[in-house]
Amino acid sequence: MIRIELAEHDPRWALRYATHRARLLEALGESAATIEHIGSTAVPGIAAKPVVDMLVTGVDFFDARARSRLESAGYEVVVDEPGHRMYAPADRSAHVHFGADPREERHHVLFRDWLRDHPEDRVLYENVKRRLAAQPWSHTNEYAQAKSAVIQAIVRRAQEHVTRTDGRAGE
């Protein structure tokens with residue numbers, strides 16, 4: 001069994017993101033449409049596992065050249081499953097996510113932005129994370145899955161807000 005270790009927010013996480021972003025841009029060049037800092041380390045004021053999550057869009061994660069460039073830049077595939085590939089550097093200081101579903105990509109960014117602007121949901125989410133982190137897990141994916149209900153509820157609120165304020169679907 002493993003325990004999830006949360007750390008208080010560290011402003012250096014933004015610097016770690018910037019460092020990895022520069023490495024990724026150098027490796028992938030213009031093919032990377034966007035590189036977003038996602039997850040709790042991207043939200044000031046919230047505790048997180050001290051690993052920077054990043055989302056790269058515009059790159060086909062089945063592209064062998066992109067994989068070769070990422071590996072040459074020091075990133076290795078650590079998750080390879082249908083619809084999702086994740087790379088990490090040897091020190092595991094970042095998780096670099098590539099996915100095939102644009103809707104899921106938008107949800108990650110919407111969730112991050114909503115938490116940045118809505119302290120009540122930031123507190124709710126952090127409380128759930130702390131409660132779950134106190135439990136033993138056989139794998140970190142179980143912990144991530146256990147958070148999905150609160151994440152989905154927060155994303156739904158954010159989508160409803162977007163729909164009300166600008167008249168378009170929050171997808």
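This is a predicted model: local features need pLDDT of at least 70, side-chain atom pairs count only at pLDDT 80 or more; totals for chains, interfaces and linings use all residues.

**Helices and selected residues**

Mentor: Helix α3 (residues 102-117) has 16 residues and spans 23 Å from its first C-alpha to its last, close to the 22 Å expected at 1.5 Å a residue. The expected span is 1.5 Å times one less than the number of residues. Helices (H or I, at least four residues) and strands (E, at least two) are DSSP runs, numbered from the N terminus.

Trainee: Which residues of α3 are buried?
Mentor: They are Glu105, Val109, Leu110, Phe111, Arg112, Trp114 and Leu115. Buried means under 20% relative accessible area, exposed over 50%, and partly exposed in between (1.4 Å probe, protein chains only).

Trainee: What do the buried residues of α3 pack against?
Mentor: They pack against β1 (34-38), β2 (52-57), β5 (94-99), α4 (119-133) and α6 (148-166). Contact means heavy atoms within 4.5 Å.

Trainee: At what angle do α3 and α4 pack?
Mentor: The angle is about 110°, and the axes of α3 and α4 are 5 Å apart. α3 and α4 are therefore roughly perpendicular to each other. Angles under 35 degrees count as roughly parallel, over 145 as roughly antiparallel, 65 to 115 as roughly perpendicular and the rest as oblique. Axes are lines fitted to C-alpha atoms, for helices over the stretch in contact, and angles run from 0 to 180 degrees between N-to-C directions.

Trainee: Which residues meet there?
Mentor: Phe111, Trp114, Leu115, Arg116 and Asp117 of α3 meet Pro119, Asp121, Arg122 and Tyr125 of α4. The contact of α3 with α4 has five nonpolar, no polar and four charged residues. Here Ala, Val, Leu, Ile, Met, Phe, Trp, Tyr, Cys and Pro count as nonpolar, Asp, Glu, Lys and Arg as charged, and the others, Gly among them, as polar.

Trainee: What else does aspartate 121 touch, and is it buried or exposed?
Mentor: Aspartate 121 of helix α4 counts as buried, at 5% relative accessibility. Leaving aside neighbours within four places in sequence, aspartate 121 is in contact with Trp114, Leu115, Ile154 and Arg157.

Trainee: Changing topic, how do α1 and α2 cross?
Mentor: The axes of α1 (residues 12-28) and α2 (residues 64-72) come within 9 Å and cross at roughly 135°. α1 and α2 are therefore oblique to each other. Leu24, Ala27 and Leu28 of α1 make the contact with Ala66, Arg69 and Leu70 of α2.

Trainee: And where is isoleucine 35?
Mentor: Isoleucine 35 is in strand β1 and counts as buried, at 5% relative accessibility. Not counting residues up to four places away in sequence, isoleucine 35 touches Tyr17, Arg21, Leu24, Leu25, Met54, Leu55 and Val56. Isoleucine 35 and leucine 55 are 20 residues apart in sequence and 5.6 Å apart in space, C-alpha to C-alpha.

Trainee: Finally, what is phi of arginine 92?
Mentor: Phi of arginine 92 is near 55°, a positive value in a residue other than glycine. Arginine 92 lies in the loop between β4 (84-89) and β5, and is partly exposed, with a relative accessible area of 35%.

Key:
Residues are numbered from 1 along each chain as its sequence is written. Side-chain values use heavy atoms; hydrogens and water are left out.
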